[in-house]
Amino acid sequence: MSPASPAAHEHLALEAELSDGPVRFARERLRLPMGLEASFGWLRHPPTVLVVPRCADGRLLLLRRYRPAVGRWVLEFPSGLLRAEESPQAGGARLVCALTGLGCGGWRQLGVLRPNPGYSDEHMTVGLLAIDEAGEGNPDLRDATDGGLCQLQHWSPQDLEMALMAPQEAVDGRCVTAWVLARPHWIL
(Lines give C-alpha, C1' and ligand atoms only; values in the text may rest on other atoms or scores of the structure.)
Protein backbone atom coordinates (compact mmCIF):
# COMPACT_ATOMS: atom_id res chain seq x y z
CA MET A 1 0.00 0.00 0.00
CA SER A 2 1.49 3.34 -0.99
CA PRO A 3 0.97 6.51 1.05
CA ALA A 4 -1.50 9.10 -0.17
CA SER A 5 -0.04 11.86 -2.29
CA PRO A 6 1.06 14.83 -0.18
CA ALA A 7 -1.30 17.75 0.02
CA ALA A 8 -0.32 21.08 1.49
CA HIS A 9 -1.89 22.49 4.61
CA GLU A 10 -3.42 25.97 4.63
CA HIS A 11 -1.92 28.66 6.88
CA LEU A 12 -4.73 30.35 8.81
CA ALA A 13 -2.86 32.49 11.36
CA LEU A 14 0.52 33.02 12.95
CA GLU A 15 -0.19 32.73 16.68
CA ALA A 16 3.31 33.27 18.09
CA GLU A 17 6.91 33.60 16.96
CA LEU A 18 10.23 33.72 18.81
CA SER A 19 13.59 34.23 17.12
CA ASP A 20 17.06 33.24 18.26
CA GLY A 21 19.51 34.12 15.52
CA PRO A 22 18.68 32.38 12.26
CA VAL A 23 16.33 29.84 13.88
CA ARG A 24 12.77 30.83 14.74
CA PHE A 25 10.02 29.08 16.68
CA ALA A 26 6.58 29.58 15.15
CA ARG A 27 3.16 28.52 16.37
CA GLU A 28 0.56 28.56 13.60
CA ARG A 29 -3.07 27.74 13.16
CA LEU A 30 -3.39 25.42 10.16
CA ARG A 31 -6.08 23.69 8.16
CA LEU A 32 -4.73 20.24 7.49
CA PRO A 33 -5.23 18.43 4.15
CA MET A 34 -7.99 16.29 5.70
CA GLY A 35 -9.95 19.42 6.68
CA LEU A 36 -9.16 19.57 10.42
CA GLU A 37 -7.97 22.83 12.01
CA ALA A 38 -5.32 22.80 14.71
CA SER A 39 -2.38 24.75 16.13
CA PHE A 40 1.15 23.47 15.62
CA GLY A 41 4.54 24.72 16.72
CA TRP A 42 7.86 24.04 15.04
CA LEU A 43 11.30 25.44 14.43
CA ARG A 44 11.76 27.33 11.19
CA HIS A 45 15.30 26.55 10.19
CA PRO A 46 17.43 27.92 7.34
CA PRO A 47 18.89 25.41 4.86
CA THR A 48 21.96 23.49 6.02
CA VAL A 49 24.68 21.28 4.59
CA LEU A 50 26.39 18.20 6.02
CA VAL A 51 29.73 17.17 4.53
CA VAL A 52 31.34 13.74 4.45
CA PRO A 53 34.99 14.82 3.98
CA ARG A 54 37.16 12.23 2.25
CA CYS A 55 40.96 12.49 2.34
CA ALA A 56 43.08 11.32 -0.60
CA ASP A 57 44.14 8.25 1.42
CA GLY A 58 40.49 7.20 1.91
CA ARG A 59 40.17 8.28 5.53
CA LEU A 60 37.28 10.40 6.76
CA LEU A 61 37.47 13.65 8.69
CA LEU A 62 35.06 13.70 11.61
CA LEU A 63 34.49 16.08 14.46
CA ARG A 64 34.18 15.19 18.08
CA ARG A 65 32.08 18.09 19.38
CA TYR A 66 30.83 18.95 22.81
CA ARG A 67 27.05 19.38 22.59
CA PRO A 68 25.60 21.14 25.65
CA ALA A 69 22.04 20.04 24.78
CA VAL A 70 22.98 16.42 25.55
CA GLY A 71 25.83 17.18 27.96
CA ARG A 72 28.47 15.11 26.18
CA TRP A 73 30.89 14.80 23.29
CA VAL A 74 29.31 13.61 20.03
CA LEU A 75 30.99 12.20 16.92
CA GLU A 76 29.74 13.87 13.74
CA PHE A 77 30.55 15.06 10.24
CA PRO A 78 30.97 18.82 9.67
CA SER A 79 27.67 20.61 9.15
CA GLY A 80 26.28 24.11 9.30
CA LEU A 81 24.04 26.79 7.89
CA LEU A 82 24.17 27.80 4.26
CA ARG A 83 24.54 31.50 3.59
CA ALA A 84 21.95 33.30 1.47
CA GLU A 85 22.23 32.21 -2.16
CA GLU A 86 25.10 29.83 -1.31
CA SER A 87 25.14 26.42 -3.00
CA PRO A 88 25.56 23.31 -0.83
CA GLN A 89 28.91 22.65 -2.55
CA ALA A 90 30.24 26.14 -1.77
CA GLY A 91 28.85 26.05 1.78
CA GLY A 92 30.34 22.62 2.44
CA ALA A 93 33.76 23.70 1.18
CA ARG A 94 33.56 26.89 3.28
CA LEU A 95 32.73 24.92 6.44
CA VAL A 96 35.46 22.32 5.96
CA CYS A 97 38.07 24.96 5.14
CA ALA A 98 37.10 27.02 8.21
CA LEU A 99 37.31 23.95 10.46
CA THR A 100 40.45 22.37 9.08
CA GLY A 101 42.39 24.92 7.04
CA LEU A 102 42.59 22.25 4.33
CA GLY A 103 41.69 22.74 0.68
CA CYS A 104 38.71 21.02 -0.90
CA GLY A 105 38.28 19.28 -4.24
CA GLY A 106 35.38 17.52 -5.93
CA TRP A 107 31.82 17.43 -4.57
CA ARG A 108 29.16 14.78 -5.03
CA GLN A 109 25.68 15.46 -3.69
CA LEU A 110 24.35 12.36 -1.92
CA GLY A 111 20.85 13.44 -0.92
CA VAL A 112 18.68 15.74 1.18
CA LEU A 113 17.66 14.91 4.75
CA ARG A 114 14.82 16.14 6.93
CA PRO A 115 16.63 15.59 10.25
CA ASN A 116 13.78 16.50 12.62
CA PRO A 117 10.45 16.62 10.73
CA GLY A 118 8.42 16.32 13.91
CA TYR A 119 9.48 19.75 15.14
CA SER A 120 11.57 21.46 12.42
CA ASP A 121 11.28 22.36 8.73
CA GLU A 122 15.07 22.06 8.26
CA HIS A 123 16.33 20.50 5.06
CA MET A 124 19.94 19.43 4.96
CA THR A 125 21.90 18.68 1.81
CA VAL A 126 24.41 15.86 2.28
CA GLY A 127 27.50 15.68 0.10
CA LEU A 128 30.79 13.89 -0.27
CA LEU A 129 33.70 16.35 -0.44
CA ALA A 130 37.25 15.47 -1.44
CA ILE A 131 39.95 16.99 0.75
CA ASP A 132 43.00 18.12 -1.24
CA GLU A 133 45.43 17.43 1.61
CA ALA A 134 45.44 14.62 4.15
CA GLY A 135 47.28 16.64 6.83
CA GLU A 136 46.51 15.91 10.45
CA GLY A 137 45.21 19.40 11.19
CA ASN A 138 44.98 20.86 14.66
CA PRO A 139 43.13 18.52 17.06
CA ASP A 140 42.00 21.45 19.23
CA LEU A 141 39.79 23.63 17.07
CA ARG A 142 37.05 26.14 17.75
CA ASP A 143 34.09 25.44 15.50
CA ALA A 144 33.57 28.34 13.12
CA THR A 145 29.86 27.61 12.65
CA ASP A 146 28.50 28.08 16.18
CA GLY A 147 31.37 28.70 18.59
CA GLY A 148 31.20 25.18 20.07
CA LEU A 149 34.33 23.27 20.99
CA CYS A 150 35.38 20.45 18.70
CA GLN A 151 38.29 18.18 17.87
CA LEU A 152 39.20 17.13 14.33
CA GLN A 153 39.76 13.38 13.96
CA HIS A 154 40.73 11.09 11.08
CA TRP A 155 38.83 7.82 10.86
CA SER A 156 39.19 4.87 8.55
CA PRO A 157 35.89 3.67 7.06
CA GLN A 158 36.36 0.37 8.93
CA ASP A 159 36.82 2.15 12.29
CA LEU A 160 33.70 4.22 11.65
CA GLU A 161 31.75 1.06 10.81
CA MET A 162 32.88 -0.51 14.10
CA ALA A 163 31.96 2.63 16.05
CA LEU A 164 28.47 2.59 14.55
CA MET A 165 27.97 -1.11 15.34
CA ALA A 166 29.09 -0.87 18.98
CA PRO A 167 29.13 2.82 19.92
CA GLN A 168 31.44 3.68 22.80
CA GLU A 169 30.59 7.35 22.38
CA ALA A 170 27.52 9.20 21.16
CA VAL A 171 27.20 9.37 17.38
CA ASP A 172 25.04 12.02 15.73
CA GLY A 173 22.10 10.41 13.91
CA ARG A 174 22.68 12.64 10.88
CA CYS A 175 26.21 11.21 10.70
CA VAL A 176 24.82 7.68 10.61
CA THR A 177 22.44 8.55 7.77
CA ALA A 178 25.16 10.43 5.87
CA TRP A 179 27.46 7.42 6.18
CA VAL A 180 24.74 5.15 4.79
CA LEU A 181 24.55 7.49 1.77
CA ALA A 182 28.36 7.80 1.41
CA ARG A 183 29.36 4.20 2.14
CA PRO A 184 28.92 2.92 -1.44
CA HIS A 185 31.70 5.34 -2.51
CA TRP A 186 34.28 3.40 -0.44
CA ILE A 187 35.47 -0.13 -1.02
CA LEU A 188 35.45 -1.71 2.44
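Contact is taken here to mean heavy atoms within 4.5 Å. The structure described is a predicted model. On this criterion, and setting aside residues up to four places away in sequence, leucine 160 touches Leu60, Leu62, Leu75, Phe77, Trp155 and Trp179.

Leucine 160 also belongs to the largest nonpolar core, which comprises 19 residues. Within this core, Val52, Leu60, Leu62, Phe77 and Leu160 touch the most other members. At least two residues of the core are supplied by each of S4, strand S5 (60-67), strand S8 (104-113), S9, helix H2 (157-165) and H3. Helix H3 makes the largest contribution, with 4 residues. Apart from this core lies another, of 15 residues, which includes Cys55, Leu95, Leu102 and Ile131. In soluble globular proteins, nonpolar side chains tend to be buried together.

Strand S4, spanning residues 48-54, is mostly covered, with 6 of its 7 residues buried. Two pairings involve this strand. With strand S7 (residues 79-81), S4 pairs in the antiparallel sense over 3 bridges, whereas with strand S9 (residues 124-131) the pairing is parallel and extends over 7 bridges. Leucine 50 takes part in both pairings: its bridge partner in S7 is serine 79, and in S9 leucine 50 stands opposite valine 126.

Leucine 50 is also among the residues touched by arginine 174. Arginine 174 is located in helix H3, which covers residues 173-182. Beyond four places in sequence, the contacts of arginine 174 are with Leu50, Arg67, Glu76, Ser79, Leu113, Pro115 and Met124.

Glutamate 28 lies in strand S2 (residues 23-31) and counts as buried because its relative accessibility is 3%, where buried means under 20%. Leaving aside neighbours within four places in sequence, glutamate 28 is in contact with His11, Ala13, Leu14, Glu15, Ala38, Ser39, Phe40, Trp42 and Arg44. Leucine 12 is found in strand S1 (residues 10-20) and, at 33% relative accessibility, counts as partly exposed. Although 16 residues apart along the chain, leucine 12 and glutamate 28 have C-alpha atoms separated by 7.4 Å. The contacts of leucine 12, not counting residues up to four places away in sequence, are Arg29, Leu30, Arg31 and Glu37.

Trp42, one of the residues in contact with glutamate 28, also lines the second largest pocket. This pocket has a volume of about 250 Å³. Its lining consists of 13 residues, of which His9, Trp42, Pro117, Ser120 and Asp121 are the closest to the centre. Strand S3 (residues 37-44) gives the most to the lining, with 3 residues.

Glutamate 85 is found in the loop between S7 and helix H1 (88-100). The phi angle of glutamate 85 is near 65 degrees, a positive value in a residue other than glycine. With a relative accessibility of 83%, glutamate 85 counts as exposed, whereas glutamate 28, at 3%, counts as buried.

Terms used
Residues numbered from 1 in each chain as written. Predicted model: local features only at pLDDT ≥ 70, side-chain atom pairs only at ≥ 80, totals over all residues. Heavy atoms only, no water. Buried < 20%, exposed > 50% of the residue type's maximum accessible area, 1.4 Å probe, protein only. Pairing = 2+ DSSP bridges. Core = buried A, V, L, I, M, F, W, Y, C linked by side-chain atoms within 4.5 Å. 1 Å grid on protein atoms, 1.4 Å probe; cavity = no way out; pocket = protein on both sides within 12 Å on 5 of 7 lines; lining within 4 Å. Points joined across faces, edges and corners; volume = space filled by probe spheres on them.
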